[in-house]
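My entries follow in the order I made them.

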Amino acid sequence: MNQFFEPSNFIDSIATATNVSRFEAAIIGGSFSGLSAALQLARARRNVVVIDASEPRNRFAAHSHGFLTQDGTPPHEISAIARAQLLEYPTVTFHTKTRAVAARHHPDSKPESPLFEIDDSNGVSHIARRVIFAAGLQDKMPSDVPGFKENWGAGIFHCPYCHGYELRDKSLGVLGVDPKSVMQAYLLHEWSSDITFFSLGAPSGSKVVANYDSETLSKMRSIGIKVEDQASIVRIVRDEADPSELSHVELSDGRRESIRGLLIVPTVEIAPDVLKMWHSLGVETNVSAFGHETVTTADAFGQTNVRGVYFGGDGIMNVAKAVSDGALAGVGAHHSLVAEKMTSH
């Protein structure tokens with residue numbers, strides 16, 4: 001029999017053993033999506049644990065933009081406020097600076113009443129009736145381009161809606177590493193008329209450099225987008241007077257181009273531990289439009305093909321989308337807990 005309690009006694013449902021804890025829902029990932037999911041469940045008086053490695057994808061960005069009431073606020077401040085507010089709810093527990101590393105069906109799990117066990121890197125096992133995945137996406141950066149990693153999230157960015165306005169009317173570049181890079185160049189042209197498209201990318205770029213036909217490049221030139229198709233970027237240099245912007249890029253033929261910001265189609269992947277957990281639970285996946293493996297969901301509430309397992313999105317877009325995905329997954333998980341009660345009595 002599953003040892004869970006009615007909402008009024010949730011705070012007592014944590015097992016006394018130091019290496020095992022029991023919850024109604026376990027949320028893997030404590031950034032915007034995971035926090036949003038936790039809030040819905042906390043307000044429903046459900047006992048929830050948030051397992052967070054404390055390494056959000058947005059940790060490289062100085063400011064978050066495009067999220068109502070928080071435009072320009074550092075992302076870590078938004079998360080800190082959310083955590084503080086969540087801790088006002090007595091049914092919320094955080095396990096931070098630890099990552100979920102394994103997931104499996106608990107021996108007491110039944111088709112009509114699923115139960116899961118999540119192991120974290122600190123050796124704690126978390127038993128939960130519902131699991132929400134809200135973590136795992138990470139950016140892959142080319143290691144052989146000096147200055148790329150150091151400027152990621154500052155002068156180098158992947159979302160014009162998040163960073164374009166602050167760089168408006170400045171000299172900007174788009175790194176040609178993907179067919180979608182062409183659309184990025186057209187998009188960025190909305191924020192500045194001084195755009196250079198580096199069609200040869202970087203020595204390895206972050207993907208196989210796309211081949212751009214002459215017609216595509218000619219159309220770009222016709223609207224005023226400059227095309228650099230003679231040399232690739234070999235070094236990216238920050239503006240020491242304003243570390244939030246670049247100074248210039250160095251090209252393979254020795255030239256320098258003044259560039260204040262560089263836009264790139266991100267190469268992303270799901271963390272291996274998260275992939276392993278998806279596969280061990282039998283969660284169906286597919287390849288996203290960005291080329292990474294992601295979860296196949298059955299509805300808007302993040303329900304996967306595995307009963308009791310929900311997906312709070314992969315954070316590929318922006319803060320608003322992450323918060324929305326997490327909220328829907330939290331509501332979906334709560335609805336399923338209530339539906340289970342309806343059918344069990």
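**Antiparallel sheet**

I started at H248, which stands opposite S258 in β14. The model is predicted, so I read every entry here as a reading of a prediction. I then looked up the strands around that pair. β13 covers residues 246-251 and pairs with β14 in the antiparallel sense. Three bridges join β13 and β14.

Next I asked in what order the strands of this sheet lie. The order is β12-β13-β14. The sheet is open, has three strands and is paired antiparallel. I noted β12 (233-238) and β14 (256-258) at the edges. Each has a single partner strand, so one side of each is left without a neighbour in the sheet. From one strand to the next, the twist averages 25°.

**Five-strand sheet**

I moved to the open sheet of five strands. I wrote down its order as β8-β15-β9-β10-β11. Here the pairing is parallel. Which strands lie at the edges? They are β8 (156-157) and β11 (226-228), and each pairs on one side only.

β9 (residues 172-175) and β10 (residues 195-198) run parallel and are joined by four bridges. L175 has F198 in β10 as its bridge partner. I then checked what α5 does here. α5 packs on the sheet and touches β8, β9, β10 and β15 (261-264). The direction of α5 makes about 165° with that of β9.

**α5 and α6**

I stayed with α5 and looked up its contact with another helix. α5 spans residues 181-188 and α6 spans residues 214-222. Their axes are 11 Å apart, and the packing angle is about 5°. I therefore put α5 and α6 down as roughly parallel to each other. From α5, the contact is made by V182, A185 and Y186. From α6, T216, K219 and M220 take part. I sorted the residues of this contact into four nonpolar, one polar and one charged.

β2 (residues 48-52) pairs with β3 (residues 92-96) in the parallel sense. I noted five bridges between β2 and β3. V48 stands opposite V92 in β3.

**α1 and α2**

I followed α2 to its contact with α1. The axes of α1 and α2 are 10 Å apart, at an angle of about 20°. α1 and α2 are therefore roughly parallel to each other. I recorded their crossing as left-handed. α1 brings F32, L35, A38, L39 and A42 to the contact. α2 brings P75, I78, S79, A82, R83 and L86. I sorted the residues of this contact into nine nonpolar, one polar and one charged.

**α1 and α8**

Last, I looked at α1 against α8. α1 covers residues 32-43, and α8 covers residues 319-344. Their axes come within 7 Å and cross at roughly 35°. Is the crossing left-handed or right-handed? α1 passes α8 in a right-handed crossing.

I listed the contact residues by helix. On α1 they are F32, S33, S36, A37, Q40 and L41. On α8 they are V319, A322, V323, D325, G326, A327, G330, V331 and H334. I counted eight nonpolar residues, six polar and one charged in the contact of α1 with α8. F32 belongs to this contact, and F32 is also among the α1 residues that meet α2.

Note on methods:
Residues are numbered from 1 along each chain as its sequence is written. This is a predicted model: local features need pLDDT of at least 70, side-chain atom pairs count only at pLDDT 80 or more; totals for chains, interfaces and linings use all residues. Side-chain values use heavy atoms; hydrogens and water are left out. Axes are lines fitted to C-alpha atoms, for helices over the stretch in contact, and angles run from 0 to 180 degrees between N-to-C directions. Helices (H or I, at least four residues) and strands (E, at least two) are DSSP runs, numbered from the N terminus. Angles under 35 degrees count as roughly parallel, over 145 as roughly antiparallel, 65 to 115 as roughly perpendicular and the rest as oblique. Contact means heavy atoms within 4.5 Å. Ala, Val, Leu, Ile, Met, Phe, Trp, Tyr, Cys and Pro count as nonpolar, Asp, Glu, Lys and Arg as charged, and the others, Gly among them, as polar. Two strands pair if DSSP finds at least two bridges between them. A crossing is left-handed if the near helix is turned anticlockwise from the far one by less than a right angle, and right-handed if clockwise.
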